[in-house]
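Here is a friendly walk through this structure. Have a look at it before reading on.

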Amino acid sequence: MTTKLFGAKVPRVEDQRFLRGQGRYVDDLLTDDPRLLHAAVLRSPHAHARIVDIDVSDVLDLDGVVAVWTWDDLTGPMAEPLPLLIPHPTLTHGRTQYALARDEVNYVGEAIAFVVAVDRYVAEDAVARIRVDYEHLEPVVGIDAARAARRTVHDDVPDNVGARMEQENGDARAAIAAAPHTLTLDLDIERSACTPMEGRGTVARWDPDTSRLTVWSSTQTSTGVRGCVAAKLELDLAKVDVITPDVGGGFGVKVVHPWPEELLVPLAAKTLGRPVKYTEDRREHFISSAHERAQQHHVEVGFDDDGRVLGLDVEFWHDHGAYTPYGLIVPIITSTQLLGPYKPQNYRVAFESLYTNTVIVTPYRGAGRPQGCFVMERTMDAIAAYLGKDRTEVRSTNFIQPDEFPYEHGLVFQDGRELTYDSGDYPASLAKLKELVGWDEFEEFRAEMAAQGRKVGIGLACYVEGTGVGPYEGAHVHIETSGKVKVATGLTTQGQGHQTAFAQIVADTLGVRFEDVEITTGDTRKMPYAVGTFASRAAVMSGSAIHLAALRAKEKALRIAAEALEASEDDLEIADGVVSVKGTDASIDLGTVAVLSNPLRYAFDEASKAATQFSVGDPGKPPVAEDDEPGLEGKDFYSPPRSTFANGMHAVIVETDPDTAEITILKYAVVHDCGHLINPMIVEGQIHGGVAQGVGGALYERMAYDESGQLLNASFMDFLMPYVTEVPTSIDIDHLETPSPLNPLGIKGAGEAGVIPSAAVFAAAIEDAEGFPITAMPISPSELFELRLAHADEPHPTSPSLGS
Amino acid sequence: MSAPTPEELHDVRLHVNGSVHEVHVPARRLLSDALRHDCGLTGTHVGCEHGVCGACTVLVDGRPVRSCLMLAVSAVDSEITTVEGLTEADGSLSPVQQAFSDCHGLQCGFCTPGFLTAITAGLEENPDPTEDEAREMVAGNLCRCTGYQNIVKSVLRAAEIQAEAGQERS
C-alpha cells in the first residue's frame, strides 16, 4: 500500500534544480539566442509634471540601439490607458496610467520611453540621451496632503478621492452612544513593499512562421497577462501563449498586470521580429512597481464592563498612490478582515481611497489585513488597559465561539460574497498560544528582568484571514502509457513548492508513486483557464481542483481496468500505479490502462501494439464509445461558494534598551490554523518567511518619500529589509487543524499568515514594556526614544487612548 | 549631443568551474553579467546590482565575492566557482546543497546560489560553527522568503554532513 503523503514533510522536488543553479527564471531565458534584444525604460524623475516635449533624436545615433518608443508611437488599444483590473461601483474616480506617459507624469518612476538595443548597457546609455521638457506641478505626497487636498493629483478627481465606501452591520453609532464605556483611537501605518529578490521581468518572442507570440513573464497570473497582451496588441487569444517560468518571489506585487513593460516587450518583439527581454533593476522595483500598507485610521468603540464590544465605528484613509489599476481590494480587505476572530455587535466602517503622487498601491502579502489587524488588536488592548483586565480575557469575551460557525458578519467581502467564516476554534488557539509563549508566567519574568535593570514587554495579536478566494482554478491530469502522471494547473508558482505539495495530493488521490507525478503551473498552453496565485489561494483552489481532476482520472482508470480484469470496479484498488483486484493476484499497470484507453491505428512501440485496431475492442462497436473520449485523463474545476477563513495568533516578548531604545526580540510564538496541512514543512516555511517580513514591516521597513515625492531610500542599502540578524533566533509554532467544510481536502490557505499580526503584536509588546500607547507603526529606536521623552512626565501612562 | 565612439571590446579568458570561457566584452561588463550572459551560467542571480543582497555571490579564488561589484576584465587571472560548480564530480549535491534540501532552506530559490557559495567558503574557514557563527556566516545575504530560520539550520546541517563525509574518508 502506498504511504499517505498528504500531511507528510515530503522534501521538495523543485529544490534539485534550484540548488544546482538550474532554475530558469525569466532573465535566464534565451540568453544564448544571438538575436535577443534588451530593453530599458526612461522613467520620470519628477513626482508631478506635464510633459511638454520628448526629444529622442540623439538616441538612434547610438551604436547598438534598435528602436525607441514614446506614447506618440503607440496606436490602437496600446495608446489607451492600462486596464482597471478590478472595477467597483464605489470606485467613482478610478484612473490608470498609460503604458508610456501621455502628457503628464504622476510619480517618480512612471514610464515615459522604451528603448530596445543589443544589450542592456547600451539601452541604458540610450535612455540617458533622451531629453524631456517638463512643466513642473506641485506634488501630493502622503495621506495628510491628500486629505487636505490643497492640490490634486488628477485635475478631474476632486479632493483626491478615488472612492468612498461604507458598510454597516447593525447601528454602530447608536450602540456606541448607549455603551457604558467608550474609547477613541487614531492609528497609523506607513508604506512598505514586497521587494521579492527577483524583480519584474518579461521576455517575448514572435514567431513569424506560425504567427504566434510567446511571452514569458515573472507574474502571479499567466492567464491575466495573456488576456491583456492579446487585447492590447489586438491578437487573437489563441495566438498568444504566456508561460511563467521559475519566479524569484512575488508576495503580491507580481499579480498586478499588465505592467507597461509586459505589453511593450511583446509589442517590440512583434514589431522588430526579434526576441526582446526586459529585466527590472532594484531601483526600478522601488520606484515603478507597487507599494502597500499606508493608512490612517480613526476608531470609536463602545463596550461593557467585561470588555465586550457593543459598537465599533472605524473610518480610515487609504493611500493608493497615483493610479488604481487593482481597484479597492486592499482597503476592502482592511475594512472586512479588521473584525478578526471577534463579533462586535454593531460595526460600521467607512474609508476613502486617496490619490497621491507616489508609486501605485496594490496587494502586498497580507493585503490590507495587517492594517486591519493592527486597528482591531490595538482596540482590544486599549479596552483591556482601560478596564484593567488581562488582554487575553478581553479577547476571549469577544471571540466567535466554535459552535457559532458558519458565522455571518453581515458584510460583503473582497470577492463580492458574504463575509461568512467557515470554521475555527479561537478559544483553543488562544489557550495554545498562552501556553507556547508563557503568558501566565510573564509577570515573574518581567520582575526578574526588572531586577537586572532590564525592560521587557509581551504582546499578542489575533487574526482571521480569508484565503482561497474564487472564482475558480482548474486542473488536468494525464496518465501516460509509461504510467507517468502529468498534471497541469494554471496558477503560477513563486516559491511555495507547488510541484511537491500538488504531487502529494495526486499521489494519494490516484494511488501512484510520488516520483511519477510531474506538476506544471502557469503555462497557458497547458491550462488556459486559471486565475492566479494570490490571497493564500493556491493550495485551496488548485489543490482542490487537482484532487477532483485526479478523481476523474481514477474513475476512468477503474472503469477500463474493471473491463480488462473482468472484475467489478468496487473490488479494485490502485496502489503504486498498479490496479489490482483486492485479495487476488490479478492486476494491471495504470500505464497499460492508459494504452487501453486510446485505440490506435499505428503502433510505435511495444506498448502501443496492444492498442491497435486488430488487438482491442469489439468489432461491432465504435472504438471510442459515444459518451467517452480517448486517453486516460481527468479534468475538473473547483469553484467554491466563498472563501475559507484561516486564523492564527502570534505573541512576542521584546526587550527595549533603557538607554538606546533598541528593540530586541526575546521570544516569538505562533499558533496557526489553516485546516489540514498538505506539507507541514512548507507551511512552517511560509510562516517563518511571513514573520520575518512582518518584523521588517514593524521595526525597519518604510518608504521614505520627501515632500517633493522623491523616494529617498530606493535601494537595499537604505530600505532596511531584515537580514538574519534582525529576525527572531527561533519561532515557536503550534498548529491547530480545523478543517474547512468548503473543499474536499479540508484545507485553508497559509501563505500570508505569518505577516498579518506583526505590526499589532510588536506595538502591543513595546507598549507593554514602555507603559505608553504605541499608535503608529513601523517604529524605530529613535522614534521610541522620542516617545519616551514625550511621555516622560506622565504619572500613570497605561491607557493608550483618550476615552470617557 | 554627438554620437559617442563605439565601445572597445576586450578578449577576456575566464576560468569558471574548471573550464575556460573566452569572452569578448567591454571594460564595464560586470562579472555577474559576463557569467550569466556570456558564459551562459545563469545560476548566479542578480538581486540588487549594488552589492547588498548577496544573491550574485561567487567564489573568486575560493573567497566569496559579489560578482555585481567586480568587472569581468578584472577576473582574468582568477579561478571562479559559481553555484553550478558546487555540485560534486559525480553529479551529487555538495554538503551545503544537500543541507538546504534537507532543512527546507530555500523557497523561491533566487537568493539561494549566493547563500550556497557564501556558506561553502564559510565552512571552509570554520568547518564546525556554533549556531551564532552559522548566523554570522549568512548575515551578509538577503532572503525574502524563508525568514532565515531554515538557512541557519542548513549551515549547521552542512557542517554535520561534511564532518560525516570526512570521517568516512579517514
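## About the model

This is a predicted model, in which local features need pLDDT of at least 70, side-chain atom pairs count only at pLDDT 80 or more, and totals for chains, interfaces and linings use all residues. Residues are numbered from 1 along each chain as its sequence is written, while chains are lettered from A and ligands numbered from 1 in the order in which they are written.

## Where chain A meets chain B

Let's start with the two chains: 45 residues of chain A are in contact with 48 residues of chain B (contact means C-beta atoms, placed from the backbone, within 7 Å). On the chain A side, α1 (15-19) and α17 (680-700) each supply at least two residues, and α17(A) gives the most, with six. Helices are DSSP runs of H or I with at least four residues, strands are E runs with at least two, and both are numbered from the N terminus.

What classes of residue does this side of chain A have? There are 19 nonpolar, 14 polar and 12 charged residues. Here Ala, Val, Leu, Ile, Met, Phe, Trp, Tyr, Cys and Pro count as nonpolar, Asp, Glu, Lys and Arg as charged, and the others, Gly among them, as polar.

## Domains of chain A

Chain A is assigned domain 1 (33-137 + 194-288), domain 2 (295-469 + 641-791) and domain 3 (473-597 + 632-638), with bounds from an automatic or database domain assignment. The C-alpha centres of domains 1 and 3 of chain A sit 38 Å apart.

Even so, 17 residues of domain 1 of chain A are in contact with 15 residues of domain 3 of chain A. On the domain 1 side, α5 (222-232) and β11 (240-243) of chain A give two or more residues each, and α5(A) has the largest share, four residues. That side divides into four nonpolar, 10 polar and three charged residues.
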